[in-house]
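Here are my notes on the model you asked me to look through.

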Amino acid sequence: MNWNFRIAQIAGIDIKVHVTFFLILILGAFQWGGSTPGSPNGALFGVVLMILLFTCVTLHELGHSLVAQHFGIPVKEITLLPLGGVAVLTKNPDKPLHELLIAVAGPLVNLVITIILFVVTGGTAQLNILGGRGELLNALNQPSLSTLLLWLMTANISLFLFNLIPAFPLDGGRILRALLAMRLGYARATRVASVIGQIIAIGLGILGFATGNFILALIAVFIFFGAGQESVAAQAKTVLSTQRIGDSYNKHAITLQNGDRVSKVVDYILTSYQPDFAVVFGTQLLGVVTRSDVLRTLATHPTDLYVSEIMNRDVLKVEAAKTLDEVRELMSERTARIVAVYNGTTYLGLVSAEDIQEAMAVLAFLQQQKRIQAAAKASS
Ligand code: ZN
């Protein structure tokens with residue numbers, strides 16, 4: 001079930017809203033509903049505020065996305081959740097400078113919006129508020145155009161500052177990693193940045209509990225786990241970049257011929273547990289039949305069809321020299337589950353997303369073993 005609704009498309013990027021996002025609109029209505037007793041104006045004002053806030057969040061994500069597109073990284077979509085927005089890039093930038101600029105672009109949008117609102121509202125009024133003039137703060141509780149502008153300005157300053165906290169998965173964490181990566185390389189930079197992020201998260205968590213600010217404590221938990229995840233992802237990237245796809249396909253896979261029937265594939269599935277089958281003619285790949293293709297056919301067709309009638313002919317091709325990491329990124333970019341590995345024009349074999357997942361687990365284990373052995377050697 002897909003809980004995201006597409007509401008717009010900008011620069012070829014789908015802008016989607018998660019269904020729980022509507023809770024935020026209701027929250028806005030509740031928060032402001034009491035400011036105008038007996039009239040719906042307050043509630044309406046609250047809803048408008050939330051919509052404008054999330055317009056700013058979308059602009060922030062568009063900031064990241066447009067810079068990413070500029071560096072040749074396709075953006076799948078932008079999703080708006082109650083906690084904020086996410087721009088889904090199809091791959092990580094290769095160069096630290098690109099990551100730096102992509103990460104900086106989001107908060108920069110909020111800074112620009114803040115400056116524009118500061119100028120529009122005359123600049124001085126908000127300085128009085130920051131100075132703690134009570135009357136003005138009270139005035140801010142009433143729905144009006146100036147309340148709206150000042151509230152949005154405060155929100156944008158907060159978004160700017162919050163996102164610059166140097167901890168994953170916030171933009172500040174990516175900025176920190178990019179700066180470190182210029183010196184240390186990607187894998188070490190990520191390790192150092194995640195540790196710094198986790199230390200900051202622990203600090204924020206202690207501060208949150210000590211001051212009774214549980215939202216802050218919750219954010220700290222979210223940052224703590226985000227930092228850990230980023231470290232795991234970076235490790236996977238490093239591990240997968242050491243292995244060629246040409247060394248990773250199953251050389252003993254059972255292949256099918258054009259004239260084979262679906263019942264034969266059922267036999268193979270039951271005896272070999274192989275999930276995907278290539279249909280070949282000599283050294284040429286004609287198409288791929290997967291376990292789910294077979295199950296679907298069994299459910300809908302009482303007759304025994306030829307595999308050529310149900311196979312998928314549109315299979316993503318990759319060169320044997322590509323690394324597992326490159327292939328994984330390509331698969332995510334094209335939303336492909338299976339690739340066909342080629343050496344020039346010769347078909348070699350199939351590799352699926354699950355195969356890569358499994359290879360990653362094994363490679364990570366081997367690397368860990370190597371590290372342990374090296375440490376044992378060093379201490380003896
Ligand atoms: Zn951002």
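1. Arg291 is partly exposed, with a relative accessible area of 36%; here buried means under 20% relative accessible area, exposed over 50% and partly exposed in between, using a 1.4 Å probe and protein chains only. Arg291 is found in helix α11 (residues 291-300), where helices (H or I, at least four residues) and strands (E, at least two) are DSSP runs numbered from the N terminus. Not counting residues up to four places away in sequence, Arg291 touches Ile269 and Pro275, contact meaning heavy atoms within 4.5 Å. The C-alpha atoms of Arg291 and Phe277 are separated by 8.3 Å, and these residues are 14 apart along the chain.

2. A word on provenance. This is a predicted model, in which local features need pLDDT of at least 70 and side-chain atom pairs count only at pLDDT 80 or more, while totals for chains, interfaces and linings use all residues. Residues are numbered from 1 along each chain as its sequence is written, and side-chain values use heavy atoms, with hydrogens and water left out.

3. Ser194 is buried, with a relative accessible area of 3%, and its place is in helix α8 (residues 186-210). Leaving aside neighbours within four places in sequence, Ser194 is in contact with Phe168, Ala227 and Ser231.

4. How do α8 and α9 pack? Their axes are 8 Å apart and the angle is about 165°; axes are lines fitted to C-alpha atoms, for helices over the stretch in contact, and angles run from 0 to 180 degrees between N-to-C directions. α8 and α9 are therefore roughly antiparallel to each other, the label for angles over 145 degrees. α8 passes α9 in a left-handed crossing, that is, the near helix is turned anticlockwise from the far one by less than a right angle. The residues of this contact divide into 15 nonpolar, 9 polar and 3 charged; Ala, Val, Leu, Ile, Met, Phe, Trp, Tyr, Cys and Pro count as nonpolar, Asp, Glu, Lys and Arg as charged, and the others, Gly among them, as polar.

5. Another helix pair to inspect is α3 (residues 96-120) with α7 (residues 171-184), whose axes come within 8 Å and cross at roughly 155°. That makes α3 roughly antiparallel to α7. The crossing of α3 and α7 is left-handed. The residues of their contact divide into 11 nonpolar, no polar and 4 charged. Pro96, Leu100 and Val104 are among the α3 residues that meet α7, whose own side includes Arg174, Ala178 and Met182.

6. Of its 19 residues, Phe21, Phe54, Ile78 and Leu80 touch the most other members. Two or more residues each come from β2 (13-18), α1 (21-33), α2 (41-70) and β3 (75-81), and α2 gives the largest share, 6 residues. Apart from this core lies another, of 18 residues, among them Tyr249, Leu316, Ala320 and Ile356.

7. Finally, helix α13 (residues 324-334) has as its buried residues Leu324, Asp325, Val327, Glu329, Leu330 and Met331. These pack against α9 (214-240), β8 (316-319), β9 (338-343), β10 (346-352) and α14 (353-379). After α13 comes Thr335, with a positive phi near 45°.

Key:
Core = buried A, V, L, I, M, F, W, Y, C linked by side-chain atoms within 4.5 Å. Parallel < 35°, antiparallel > 145°, perpendicular 65-115°, else oblique.
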